[in-house]
Amino acid sequence: MRRVNTILRAVIGLLIATLVSSVALGVFYRYVLKESLYWATEVPNVLLIWIVFLGSVVAFYEKRHIAFSVLAEALPAPLSRILCIVAEIIVLGFFVVMIVYGWQIVTQAMNSLSDALKIPRGYFYLCLPISAALMAACSVENLFRLIRPTASGRPS
């Protein structure tokens with residue numbers, strides 16, 4: 001997953017650069033050339049959605065999401081480990097639900113064309129099941145780390 005995270009960071013960087021460029025171009029056309037680009041709102045909206053969902057994968061992998069660890073830290077190590085395993089299983093279940101329903105949204109939206117670009121909206125929503133699948137992979141990796149003890153007998 002480390003390599004995937006590195007690739008995602010690069011993709012997000014490109015998406016942010018594209019977002020800034022498309023907004024700047026839209027502003028330039030609107031206020032300098034007194035013209036309007038037909039895609040000037042749709043493209044930045046879609047880019048922002050993809051940035052957020054892919055950024056969520058990076059944040060989840062790097063453990064930068066909000067976490068309530070007070071209880072886990074207050075419990076003795078064996079109970080804390082069990083609590084973390086149960087919590088990770090619940091999180092994994094949530095990601096599976098996101099994958100299933102996200103895919104349903106994508107397939108339903110393939111019948112609807114976007115207003116400006118005239119491409120199926122399903123491509124815009126594809127970030128939902130993709131990001132959920134990547135976060136599920138991270139979650140499985142976390143579970144293995146929690147379950148598999150290291151040489152010291154503690155979870156890795």
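**Helix packing and loop residues in the predicted model**

Helix H2 is followed by Lys-63, a residue whose phi is positive, near 55 degrees. The model described here is a predicted one. Lys-63 adopts this positive phi of about 55 degrees although it is not a glycine, and its place is in the loop between H2 and H3. Most residues other than glycine have a negative phi. With a relative accessibility of 56%, Lys-63 counts as exposed, because the threshold for that class is over 50%. A second residue with a positive phi is Lys-118, which has a value of about 60 degrees and is likewise not a glycine. Lys-118 belongs to the loop between H4 and H5, and its relative accessible area of 53% places it in the exposed class.

Helix H2, which precedes Lys-63, consists of 20 residues and reaches 29 Å from its first C-alpha to its last, a span close to the 28 Å expected at 1.5 Å a residue. The axes of H2 (residues 42–61) and H6 (residues 127–147) come within 9 Å of one another and cross at roughly 0 degrees. Because angles under 35 degrees count as roughly parallel, this crossing makes H2 roughly parallel to H6. On the H2 side, the contact is formed by Ile-49, Trp-50, Phe-53, Ser-56, Val-57, Phe-60 and Tyr-61. These residues meet Cys-127, Leu-128, Ile-130, Ser-131, Leu-134, Met-135, Cys-138, Ser-139, Glu-141 and Asn-142 in H6. By residue type, the contact of H2 with H6 divides into 12 nonpolar residues, four polar residues and one charged residue.

Helix H4 (residues 77–109) contains 33 residues and reaches 47 Å between its first and last C-alpha atoms, close to the 48 Å expected at 1.5 Å a residue. The buried residues of H4 are Ser-80, Ile-85, Glu-88, Leu-92, Phe-95, Met-98, Gly-102, Val-106 and Ala-109, and what covers them includes H2, helix H3 (70–74), helix H5 (122–125) and H6. Cys-84 also lies in H4, but at 29% relative accessibility this residue counts as partly exposed. Leaving aside neighbours within four places in sequence, Cys-84 is in contact with Ala-72 and Leu-146. The C-alpha atoms of Cys-84 and Gly-26, which are 58 residues apart along the chain, are separated by 47 Å.

Whereas Lys-118 is exposed, Ser-114 counts as buried, because its relative accessibility of 1% falls under the 20% limit. The side chain of Ser-114 is joined to that of Glu-42 by a polar contact of 2.9 Å. When residues up to four places away in sequence are not counted, Ser-114 touches Glu-42, Ile-119, Arg-121 and Phe-124.

In helix H1 (residues 2–31), Ala-10 is partly exposed, with a relative accessible area of 47%. The C-alpha atoms of Ala-10 and Leu-134 are separated by 16 Å, and the two residues are 124 residues apart along the chain. Leu-134 is also among the H6 residues that meet H2.

Terms used. Residues are numbered from 1 along each chain as its sequence is written. This is a predicted model: local features need pLDDT of at least 70, side-chain atom pairs count only at pLDDT 80 or more; totals for chains, interfaces and linings use all residues. Side-chain values use heavy atoms; hydrogens and water are left out. Axes are lines fitted to C-alpha atoms, for helices over the stretch in contact, and angles run from 0 to 180 degrees between N-to-C directions. Helices (H or I, at least four residues) and strands (E, at least two) are DSSP runs, numbered from the N terminus. Angles under 35 degrees count as roughly parallel, over 145 as roughly antiparallel, 65 to 115 as roughly perpendicular and the rest as oblique. Contact means heavy atoms within 4.5 Å. Ala, Val, Leu, Ile, Met, Phe, Trp, Tyr, Cys and Pro count as nonpolar, Asp, Glu, Lys and Arg as charged, and the others, Gly among them, as polar. The expected span of a helix is 1.5 Å times one less than its number of residues. Buried means under 20% relative accessible area, exposed over 50%, partly exposed in between (1.4 Å probe, protein chains only). A polar contact is a pair of N or O atoms within 3.5 Å; within protein, one must be able to donate a hydrogen and the other to accept it, and residues adjacent in sequence count only if both atoms are side-chain atoms.
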